[in-house]
Structure formats: structure tokens, C-alpha cells
Amino acid sequence: MIILNPLEPWPGELVLDAAQAHEVSLITRVVDYGGIFHDDVLEGHAFAEHDHRKFRPDGWVQQGREKLERMRPYAERHGLSMLQLACAWNLAHAPVRCVAPTLIQESGAGAGSIPRPIEDKRAELAAVAAESPLSADEVLAIRAIGDNVGCMALKGANLEHDDSERPDRWGLGEDLQAVAGRWGIDPQRDLSRGQLVQRF
């Protein structure tokens, strides 16, 4: 199980080639990107006091919505909702066999939006086709819109962590560097916090 969606292709995408080569079927979660792809989380959205999404950085909804609108023409071209587009994008990757968006009954929304009933979201998910209608070019174009490389420091296999391993923090030892080399992952380019940028 990995986190993967069109607004968070990285770092989950780094395991796709290895999963396919070893015939490992993947479940992808958080396909909805914190509810953005359900299309009822708008700028100014009122999150509940203990909602886990309040830990995201300021501006994540606005920036996510801006990218979502750039992806909308791809959904319209195929007669898909935005959630269905996110699911189709994930399913277009060969090892992905299951999509598991978070289904949230929003308590309120900003900018005059009315929260969608959870039943509608469930029905929308149930209507997702097992075969993605997206072409390879569309998959790449959508990924380019959602590019989030370097948006956070990785807990594991991080060049900045020292040798004192902890359950949620470990460095990039020789064994992991060898694995990265086998799969064409460049630690300086693909894993380094030095590339860190403010993306959401």
C-alpha cells in the first residue's frame, strides 16, 4: 500500500517499476488528496478542530484547487468526475490494482460550497472503471501538473539522517544505495531534501 494521486505522485512513484518487475500488486490510498478530488473542499474550507488535514501547510487547498482546475479538461474529455480522474490516473500505472480514496463527510465548506453526501462519493467511486481510459501522454501531462518532487523531507532513506536508526527515521546506507542504483533512483535528485521546494 502506497500513497499516490495526481497531486502527490512523489515519492510513491519511485516504487512502481520495482513493483511491476516483481509482479507486486499495489493498493493506492489518499487518492482524493485530502478531499480535493471530491470537489467539495474549497479555499476557506472549515476543517473540524481535530481534522488531520489541519496539519498540512497553509495554502494547500488553494494550490491544490489551482492544479485541479488545470486537470479538469482531462476529466471532461473522458466524462469523468475529478475523483474518477484521480482513480483513473492511479490505475493507469501497471502495478496499481486498487484505489482507496478517503471518503469523508465534510461538515462544512468555504466559498459557498455545499458538502456532498458521503453516499454520492461512494457511488462515484463504485462507478470507476477497472481499466483507465487515459493515454500514456495524458498520464504524463497530469503528472507534470501535479509534480511535487521534493515537497517534504523523507523519513527513511534520507541523505540528511545520520546512522542512528529509529523506526521513523533512517539514513541512506550502502544497501539502500545499491537498491536505488538498481532501479535508476538518483538519491541526490530523487530523494534529497536539498531539492526541497514549497509545493503542496
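Author: Let's start with His 93, which is buried, at 17% relative accessible area (buried means under 20%, exposed over 50%, partly exposed in between, with a 1.4 Å probe and protein chains only). Keep in mind that this is a predicted model, where local features need pLDDT of at least 70, side-chain atom pairs count only at pLDDT 80 or more, and totals for chains, interfaces and linings use all residues. Residues are numbered from 1 along each chain as its sequence is written, and side-chain values use heavy atoms, with hydrogens and water left out.

His 93 sits in the loop between α3 and β3 (helices are DSSP runs of H or I with at least four residues, strands are E runs of at least two, numbered from the N terminus). Its side chain reaches the backbone oxygen of Trp 89 at 2.9 Å. Beyond neighbours within four places in sequence, His 93 is in contact with Leu 16 and Val 139 (contact means heavy atoms within 4.5 Å).

Now for the core: the largest nonpolar one has 33 residues, and Ile 36, Met 82 and Leu 85 are among those with the most contacts inside it. Such a core is a set of buried Ala, Val, Leu, Ile, Met, Phe, Trp, Tyr and Cys residues joined through side-chain atoms within 4.5 Å. α3 gives the most to this core, eight residues.

α3 turns up again as part of what covers the buried residues of α4. Those are Ile 118, Lys 121 and Glu 124.

Terms used
A polar contact is a pair of N or O atoms within 3.5 Å; within protein, one must be able to donate a hydrogen and the other to accept it, and residues adjacent in sequence count only if both atoms are side-chain atoms.
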